[in-house]
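Could you walk me through this model in the viewer? I would like to know what to select at each stop and what to look for there.

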Amino acid sequence: MIYSKSFIRTLKELPRGVNSVNQALLERGSYISQVGSGIFAYLPLGLAVLRKVEGLVRGSLTQIGVQEVSLPLLHPAELWKKSGRFSEIGRELVKISTEKTDEFVLAMTHEEVITQIAKEKITTFQDMPLILGQISRKIRNELRPRGGLIRLKEFKMQDAYSFHSNEEQLDESFENFLKSYRQIFQKINLDVILVKADPGIMGGSASSELMMISSAGEDLIYLCPKCQRAYNADSAPKDNTCPVDRLPLKEEKAIELAHVFKLGTKYSESLGLNFRDRDNQEKPVLMGCYGLGLDRLIAAVIESSHDDKGIIWPEAIAPFKAYLIDLEGSFGQEVYEKLEAAGIEVLFDDRKVSAGVKFADADLLGIPNRLVLSDKTIKDGKIEIKKRAEKESRLIGIDEVASVINN
RNA sequence: CGGGGACUGGCCUAACGGCAAGGCGCUUGGUUUGGGACCAAGAGAUUCGCGGUUCGAAUCCGCGGUCCCCGACCA
């Protein structure tokens, strides 16, 4: 990408009313633009990150057998009346009336729809296990959105639903997802803690959350300093001491990144999803559901990886691999084209502005590798390379850049 | 939904009830080029909306809107 032709317009100052670190850096870097409270647009740079995150998540879930679908955003109200959630959930569920009655709801989550679909296809125990998943938009009319991308009214979520004929299958799926999610977080350097949680409005028998400790978090968890067992506010022991080590639990703020549920038969019973088992008995299908918030994940990465100058992206989800600055002025274009041809995504800052402006933007945008061409470097046929996460730069041969970056 | 705060050119801010000011950004010309350069000349505003008080309102009062923060809530 050529900077002067891009839609990147960075800001020196913090927009009014912005408090959270993730929103401040994302808005200043022109990754996102706020449209309303809890409603954001992704600009080209932000969309590049979002797509990287989607790819990372998709790749990981494909490995555990998730088959991708695309479910609608607009749901017949009827379906939510059948599950009971049409009236159970308050104003967070957006209902749309076109005539005198509420006819539609906007997707807050997709249990009802996926169960309805599974009903057409699942007839026997041999149809399972089955896991369907998607990356889709969710609409929730949160009373108080907050923290930039941490709590939104409209957001992108990876959600998957599993169908089983027995508990063992459900347990296996539950564990597979936890493992898969941990893998994803590891690739972007996020430390997460498993927290047993309350299933809440989702219903079902068990649920666990993967949380990241962060001062930007809106959840409180209680953590044993020794065994690392963690509890949320609802599930913490009454005396606030670890039941195993008898130590006082430490209270920490945390961001909930992923949530997995054993739904059991809540939806299969209310919506009539049954199967014929090996013993020729008709039984309700056992279900699980698994969710990961993508926008929130991006926010969490920034909250845990930034400095006073800007974002520090992990390689896996950075919008570009390298930020190229040419202070001398004659070889930039050539180096840019070479790197692109080598399959390296480069943002080439070709603007006619002072060096300081370019360095400041490179730091703000947080692209993992900064490349600088100048009189000093090109007289020896070299280019300077500096990792965003590191202080030291070094000189390498211009022809080596592709291999050094790919290493 | 309870409590608190904010709203002024594209962005950030200033202005006792008395000519809406400055910085950033933008345009033009010149100078400069390793950490948000400099000089000069420009363009850009119904001060969130409606009503009220007043000779006079960005400023005071009322109603409404939007956004942010704390809390309640939260797959």
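Two strands count as paired if DSSP finds at least two bridges between them. Keep that in mind for the first stop, and remember throughout that this is a predicted model.

**Stop 1: a sheet.** Select strands E4, E6 and E5, which form an open sheet of three strands in that order, with antiparallel pairing. Strand E4 (74-76) and strand E5 (95-97) are the edges; each has a single partner strand, so one side of each has no neighbour in the sheet. From one strand to the next, the twist averages 40°. Now zoom in on E4 and strand E6 (residues 102-106): they run antiparallel and are joined by three bridges.

**Stop 2: a pair of helices.** Next, select helix H2 (residues 44-62) and helix H6 (residues 167-187), which pack at an angle of about 145° with their axes 9 Å apart. Their crossing is right-handed. Show side chains for Leu56, Val57, Ser60 and Leu61 in H2, which meet Ser180, Gln183, Ile184 and Lys187 in H6. What kinds of residue make up the contact of H2 with H6? Colour them by type and you will find four nonpolar, three polar and one charged.

**Stop 3: the domains.** Finally, zoom out and colour chain A by its domain assignment: domain 1 (3-307) and domain 2 (320-406). The centres of domain 1 and domain 2, taken over C-alpha atoms, are 38 Å apart. Five residues from domain 1 and eight residues from domain 2 take part in the contact. On the domain 1 side, the touching residues are one nonpolar, three polar and one charged.

Notes. Residues are numbered from 1 along each chain as its sequence is written. Chains are lettered from A and ligands numbered from 1 in the order in which they are written. This is a predicted model: local features need pLDDT of at least 70, side-chain atom pairs count only at pLDDT 80 or more; totals for chains, interfaces and linings use all residues. Domain bounds come from an automatic or database domain assignment. Two residues are in contact if their C-beta atoms, placed from the backbone, lie within 7 Å. Ala, Val, Leu, Ile, Met, Phe, Trp, Tyr, Cys and Pro count as nonpolar, Asp, Glu, Lys and Arg as charged, and the others, Gly among them, as polar. Axes are lines fitted to C-alpha atoms, for helices over the stretch in contact, and angles run from 0 to 180 degrees between N-to-C directions. Helices (H or I, at least four residues) and strands (E, at least two) are DSSP runs, numbered from the N terminus. A crossing is left-handed if the near helix is turned anticlockwise from the far one by less than a right angle, and right-handed if clockwise.
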